[in-house]
Amino acid sequence: MRTVRHFTKPAICLLALAGTIAPASAFSLTGSYKGVVACESTTAGKSSSWGWNIELLIVQDGDDLRVDYKYVDTAELGNEYTLYNGKATTNSDGSVVSAYFKSCDATFPADELVQMFPTSTASTPFNFAADSIWASDQVPNLPGLTVQSCRWSLTRTSTEAPSVRNCPQQ
């Protein structure tokens, strides 16, 4: 027995229209980035400021982010890293992206939350700014609690998917 479906005129119009609407393009943060970070820092009540060049590697899978932040601390430990997990989202037409990522592994124990400001996906090359709050009472060679507020500025140098390690299970 054959099933016959009957559509009302409005339903037929909606079906025809649905075939002509292109889905919003998906924007991905995946890639390699270079830039700078500048921080205001307080350790055991003594303030300082500093900044350095950084490399950031991002892999986006759906809304999920894995991030690897690599830098060289010339005053202390040399090559260091921080791994993050986070989420990204775009507005309804895909023209603006924003994200956050939270530290989940690093050279030494620390907590950090990074907010990527809403950014146009049309910028070429793509670039973004972010703010972060970072804290640790286990900084090598620095006794006491260190708290930092940082500003980030990064430009994408490649859209190739980099290798970013998964964070350890917590």
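## Confidence of the model

The mean pLDDT, the predictor's confidence in each residue on a scale from 0 to 100, is 83 for this protein, and 81% of its residues reach 70 or more. Over residues 9–25 the pLDDT is below 50, and beyond near neighbours in sequence this stretch has 5 contacts in the model, a contact being heavy atoms within 4.5 Å. Where pLDDT is low, the predicted coordinates should not be read in detail.

Because the model is predicted, local features need pLDDT of at least 70 and side-chain atom pairs count only at pLDDT 80 or more, whereas totals for chains, interfaces and linings use all residues. Residues are numbered from 1 along each chain as its sequence is written, and side-chain values use heavy atoms, with hydrogens and water left out.

## Overall architecture

The protein has 1 helix and 8 strands, which follow one another from the N terminus as α-β-β-β-β-β-β-β-β; helices (H or I, at least four residues) and strands (E, at least two) are DSSP runs, numbered from the N terminus. Among contacts between residues at least 6 apart in sequence, 50% join residues at least 24 apart.

Of the 170 residues, 35% count as buried, where buried means under 20% relative accessible area, exposed means over 50%, and partly exposed lies in between (1.4 Å probe, protein chains only). The protein exposes about 10500 Å², of which carbon and sulfur atoms supply 55%; accessible areas come from the Shrake-Rupley method with a 1.4 Å probe, and for residues only the protein chains shown count as cover.

## Strand S1 and its partners

Strand S1 (residues 31–43) pairs with strand S2 (residues 46–61) in the antiparallel sense over 13 bridges, pairing being assigned if DSSP finds at least two bridges between two strands. Within this arrangement, glycine 35 has isoleucine 54 in S2 as its bridge partner, and in the hairpin of S1 and S2, which has 2 residues between the strands, alanine 44 takes a positive phi near 50 degrees.

S1 is also joined to S8 by 12 bridges, the two strands running antiparallel, and lysine 34 stands opposite threonine 155 in S8.

Serine 149 lies in strand S8 and counts as partly exposed at 40% relative accessibility. Leaving aside residues up to four places away in sequence, serine 149 touches Ala38, Cys39, Glu40, Ser132 and Ile133; serine 149 and serine 49, 100 residues apart in sequence, are 9.6 Å apart in space, C-alpha to C-alpha.

Valine 147 is placed in strand S8 (residues 146–158) and is partly exposed, with a relative accessible area of 36%. Together with Ile133 and Leu145, Val147 forms a nonpolar patch on the surface, with about 250 Å² of accessible area for the three together. Patches are made of residues with over 30% relative accessible area and no salt bridge, like charges being joined within 9 Å and nonpolar side chains (Val, Leu, Ile, Met, Phe, Trp, Tyr) within 5 Å.

## Salt bridges

A search of the whole structure finds 3 salt bridges, each defined as a side-chain nitrogen of Lys or Arg within 4 Å of a carboxyl oxygen of Asp or Glu. Arginine 151 forms one with aspartate 131, the closest N and O atoms being 2.7 Å apart; this pair links distant parts of the chain, with arginine 151 in strand S8 and aspartate 131 in strand S7 (residues 127–136), 20 residues apart. Arginine 151 counts as exposed at 55% relative accessibility, whereas aspartate 131, at 21%, counts as partly exposed.

Aspartate 68 forms a salt bridge with lysine 70, with 3.9 Å between the closest N and O atoms; here aspartate 68 is buried at 3% relative accessibility, while lysine 70 is partly exposed at 36%.
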